[in-house]
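Let's take a friendly walk through a few residues of this structure. Keep the sequence and the 3D view open as you read.

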Amino acid sequence: MTLRKVNISILVVAVVIFLLVLHHNFLGLSDFLKRELSDSNPLGLQPIDFIPAVPQRLADERNDKEISVVIAASDERLGGAIAAMNSIYRHTKSNVVFYIVTLNDTVDHLRLWLSNTALKNLRYRILDFDPRVLEGKVQVDPQKADTLKPLTFARFYLPNLVPHAEKAIYVDDDIIVQDDILELYNTPLKPGHAAAFSDDCDSTTNKVAVRGAGNQYNYIGFLDYKKETIRKLAMKANTCSFNPGVFVANLTEWKLQNITKQLEKWMALNVAEELYSRSLAGSITTPPLLIVFYKQHSSIDPMWNVRHLGSSAGKRYSPQFVKAAKLLHWNGHFKPWGRTASYAEVWEKWYVPDPTGKFSLLRRHSEAYEAK
C-alpha cells in the first residue's frame with residue numbers, strides 16, 4: 001500500500017511538471033505570435049520579415065521608446081537607403097525600428113546587405129509593396145512605363161505600413177542624418193494636423209526658379225491652375241509648397257481624417273483630368289500631398305531637411321553650414337552615389353559597401369549613363 005502511494009505521488013509530480021512545461025511553451029508560442037506580422041494586407045503591403053531581437057548590450061544602451069522610421073528601398077538605389085539607415089542608427093540611442101518598403105525582387109539583396117555587414121543589429125521589418133495598388137491612380141505613358149517608380153507612393157500608405165504606431169517618420173533614400181532622430185520624432189504637431197513638413201520658403205533653402213516653369217517653391221509650380229477643378233479649391237497659387245521627402249506623421253490623426261483615401265482620390269482625378277503642372281516633369285507624388293495638406297500641416301525645423309544638394313553638381317552651401325545641418329537631402333538629379341553630386345564625401349562616410357558587389361556595378365553604370 002505504501003509503495004502504491006509512492007507511485008501515485010510520483011505520477012502526480014510528473015503530471016504537474018508536464019503541465020508546467022506545457023504552460024511555459026504555450027506562453028512562448030503566444031509571445032511569438034504577438035511578434036509575428038500579419039500575412040497579408042488589403043493594400044498589397046506584405047510583411048516578410050520579423051524584427052530581429054536586440055542584443056542585451058544594445059538594449060541596455062538604447063532607450064525603450066520605439067521610433068518608427070519608414071524608408072523605401074528600390075534595388076537601383078539600395079545603397080542610398082543603406083547609408084540613410086546607418087546614419088540614423090549611429091546618431092541615436094533611441095529604439096529605432098526601420099520599416100523598409102521594397103519590391104519583391106529586391107528582398108534577398110536587401111536582407112543579405114543588412115545581415116552580412118555592420119548593420120546586422122538594426123531592427124527592421126521588410127515590407128513588399130504591390131504596385132497593383134496604384135492601378136487607376138497613376139497615369140502611365142506606355143513609351144515611358146519603366147520611369148514609373150511605385151515605391152515613391154509608399155509614403156501615402158503609412159498607417160498600413162506601421163499599423164500599431166501612433167507616430168512615424170518618413171524619409172527618402174537620398175538623405176543623411178547628422179543628429180539624433182529622436183529630436184525630429186518629437187516635433188510638435190498642432191491639433192488636427194496629421195503631418196509636419198519643411199516648407200520650401202524656409203530660411204535655409206534658397207528659392208529655386210525653374211526656367212519657363214514658374215517657381216518650384218510654390219503651388220503653381222506643381223498644379224495646373226488652368227484646370228477648373230484646381231481653381232475651385234481656392235488655393236492661392238503663390239502659397240509656399242513643402243518638401244515631402246522628410247516628414248513626421250501623426251498616424252492617429254492620419255487615420256481619423258482618412259488621408260490615404262484623400263490622396264488616392266486626387267491621384268485618380270489627375271488620371272482623368274491631368275491636374276498636375278507639366279512644368280515640373282516627374283513630380284507626381286508632391287501635388288496630391290499639397291492639395292490634401294493645404295494649410296493643414298505643421299512645420300519641422302528646417303535644419304532637419306536641408307535640401308537641394310542634388311539640384312546641381314556645384315556646392316550650394318558652405319562646408320560649415322553642411323556640417324551644422326541635422327539632415328542633408330540630395331533631392332534632384334545628382335545623387336551622392338553618383339559621380340558629380342555636391343558633398344558626396346559626406347554621404348560616403350555612412351555608406352556600407354555591398355557585400356554582393358551588385359550596387360557598385362549599378363553605380364558605375366549610372367555614372368556611365370550620366371556621362372553621355
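His308 sits in the loop between strand E9 (298-299) and helix H11 (319-324). Helices (H or I, at least four residues) and strands (E, at least two) are DSSP runs, numbered from the N terminus. This is a predicted model, in which local features need pLDDT of at least 70 and side-chain atom pairs count only at pLDDT 80 or more, while totals for chains, interfaces and linings use all residues. Residues are numbered from 1 along each chain as its sequence is written, and side-chain values use heavy atoms, with hydrogens and water left out.

Back at His308, the backbone has a positive phi, near 70°, in a residue other than glycine. His308 counts as buried because its relative accessibility is 8%; buried means under 20% relative accessible area, exposed over 50%, and partly exposed in between (1.4 Å probe, protein chains only).

Another loop to look at is the one between helix H9 (259-273) and helix H10 (286-292), where you will find Glu274. Glu274 is not a glycine, yet its phi is positive, at about 55°. With a relative accessible area of 31%, Glu274 is partly exposed.

Now turn to a helix: Ser87 belongs to H3 (residues 78-90). Is Ser87 buried or exposed? Ser87 is buried, because its relative accessibility is 0%. What does Ser87 touch, leaving aside its neighbours within four places in sequence? Ser87 is in contact (heavy atoms within 4.5 Å) with Ile176, Val177 and Trp350. For Val177, the backbone nitrogen lies 2.9 Å from a polar atom of the Ser87 side chain.

Note on methods
A polar contact is a pair of N or O atoms within 3.5 Å; within protein, one must be able to donate a hydrogen and the other to accept it, and residues adjacent in sequence count only if both atoms are side-chain atoms.
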